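Subject: Handover of a structure and the findings in it

Dear colleague,

Please find the structure below, followed by an account of what was found in it.

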Amino acid sequence: MNKFIKIIFFLLLSCFFLFSKTTKAEDKIKIGLLVPMSGANKDIGQSIINAVRLAVKDIDSNLIEIIPKDTAAKPNQALKSAFELKEMGVSIVIGPVFHKSLPYLGEMKNLTFLSLTNKTLDLPKNVISAGINSTSQLNTIKKFLENNSIKKTIFLTPMQNYEFEIKKGIKSSKIKIYKEYTYDTEPTKLTNQIEKITNYKIRKQNLEDEIYRLKNSNEPNKDKKIRKLEKRYTLGGLNFDAVVIADFNESLKSVTTSLLYTDVSPKNKYFITLNQWFDESLLNETDIQPLYYPSINKNNFDNYKKKFFNEFNENPNHLSLLSYDLVGLIYYLSLKTDLSDLKKIFKKKNSFKGKIGIFDIKNNKINHRLNFYKMENKKLIEIF
């Protein structure tokens, strides 16, 4: 009799565990999505929503449930929407998009936010920056400098709201910088600063002095030497081999133009900048080429844009690619552990390969392994 009871007990226990596993397997993977669905940035939000829909389609799992909520790019609305997601049983959220939407999210201790911002300073403990941060970019630049045995690199950073992010990236990446400079983006002030950084006036005076000396000398072929010098703008070497310009768009072009004005050429010194998201307008700026920068994998990005356009008949913004990969990352992690344990996962060392490249996860941080590119003769060339 006791033996019979034991058999029944083990059968019931087996059924219980089988039922539990089946139930768990059928549990929905609820992913919150905090994006601007109203206001000036609603187009960005819609592009991200579409990218997430595309990721779910590609993963092809009916276990994923996406729950979008509006932030209106405002911290109060972001907190309100986050609370609504928590009430719906969500534990992991993609977003918010902008750093300014993050301040109050530390109150939602049971939620983990994968924000699309690339800023890593002053983040609540439950917010992980998933953007292409300065450390990821400078790690890649550091690799290029070391591969080419470039010893003296100066670093130019504008007085902008990301200045301290760059300084943190320099420290975190341990990139060797010969000298650091901070510049004013106002054109007149910028030119004066670049003149000082490059010792332009001294080099220009050196040229004038040498021409004057030759004119008053008895050196043979002095006329030929003078004519050769008169074609130059300055005389004298520069005390650096490469310049990293932490700038973008027209401001980046202003800095490179000032460098050209002070007779610093990309033909003689490496001109390096940060991730430009393949800004095609730079391809036409042949005077500042070759121009080097780190970025995501170009082929992957182009394939994603094509897929996105075929699906929605519009071009995606670059943030949408981040959100596409984050859906895949969450799904991948959910197969390894319960989503309620995500805080532990993001503290451990982990890696994930997505469309954008490889994510390296450790200590609540996401860094990206980036490619490195060169623009030269109106062409984009992959270095590594």
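A residue is called buried when its relative accessible area is under 20%, exposed when over 50%, and partly exposed in between, with a 1.4 Å probe and protein chains only. The model is a predicted one, in which local features need pLDDT of at least 70 and side-chain atom pairs count only at pLDDT 80 or more, while totals for chains, interfaces and linings use all residues. Residues are numbered from 1 along each chain as its sequence is written, and side-chain values use heavy atoms, with hydrogens and water left out.

With a relative accessible area of 40%, arginine 232 is partly exposed. Arginine 232 sits in the loop that runs between helix H8 (222–230) and strand S8 (242–245). Helices (H or I, at least four residues) and strands (E, at least two) are DSSP runs, numbered from the N terminus. On the surface, Arg232 belongs to a patch of positive charge together with Lys224, Arg227, Lys228 and Lys231. Such patches are made of residues with over 30% relative accessible area and no salt bridge, like charges being joined within 9 Å and nonpolar side chains (Val, Leu, Ile, Met, Phe, Trp, Tyr) within 5 Å. Accessible areas come from the Shrake-Rupley method with a 1.4 Å probe, and for residues only the protein chains shown count as cover. Lys and Arg count as positive and Asp and Glu as negative, whereas His and the chain ends are not counted. The place of a charge is taken as NZ of Lys, CZ of Arg, CG of Asp or CD of Glu.

Salt bridges

Side chains of opposite charge can pair when their charged atoms come close. The structure holds 14 salt bridges, a salt bridge being a side-chain nitrogen of Lys or Arg within 4 Å of a carboxyl oxygen of Asp or Glu. One of them links lysine 298 to aspartate 302, with 2.7 Å from N to O. Both of these residues belong to helix H10 (residues 298–312), where they are four residues apart, about one turn of the helix. Lysine 298 is partly exposed at 22%, and aspartate 302 is partly exposed at 27%. Glutamate 219 counts as partly exposed at 27% relative accessibility, and lysine 225 is partly exposed at 36%. A further salt bridge joins lysine 189 and aspartate 184, with 4.0 Å between the closest N and O atoms; lysine 189 counts as partly exposed at 46% relative accessibility.

Asparagine 297 is found in the loop between S10 and H10 and is buried, with a relative accessible area of 16%. The side chain of asparagine 297 has a polar atom 3.1 Å from the backbone nitrogen of asparagine 299, and also reaches the backbone nitrogen of asparagine 300 at 2.9 Å. Glutamine 276 lies in the loop between strand S9 (270–273) and strand S10 (291–295) and counts as buried at 7% relative accessibility. A polar atom of the glutamine 276 side chain lies 3.0 Å from the backbone oxygen of leucine 274.

Backbone geometry

Most residues other than glycine have a negative phi, and most peptide bonds are trans. The bond joining glycine 95 and proline 96 is cis, with omega about 0 degrees, and proline 96 lies in the loop between strand S3 (92–94) and strand S4 (112–115). The peptide bond from glutamine 289 to proline 290 is also cis, omega being near 5 degrees; proline 290 is in the loop between S9 and S10. Alanine 73 has a positive phi, near 60 degrees. Alanine 73 is placed in the loop between strand S2 (64–70) and helix H3 (75–87) and counts as buried at 10% relative accessibility. Lysine 378, although not a glycine, has a positive phi of about 65 degrees and lies in the loop between strand S14 (371–376) and strand S15 (379–382).

With kind regards

Definitions and conventions:
A polar contact is a pair of N or O atoms within 3.5 Å; within protein, one must be able to donate a hydrogen and the other to accept it, and residues adjacent in sequence count only if both atoms are side-chain atoms.
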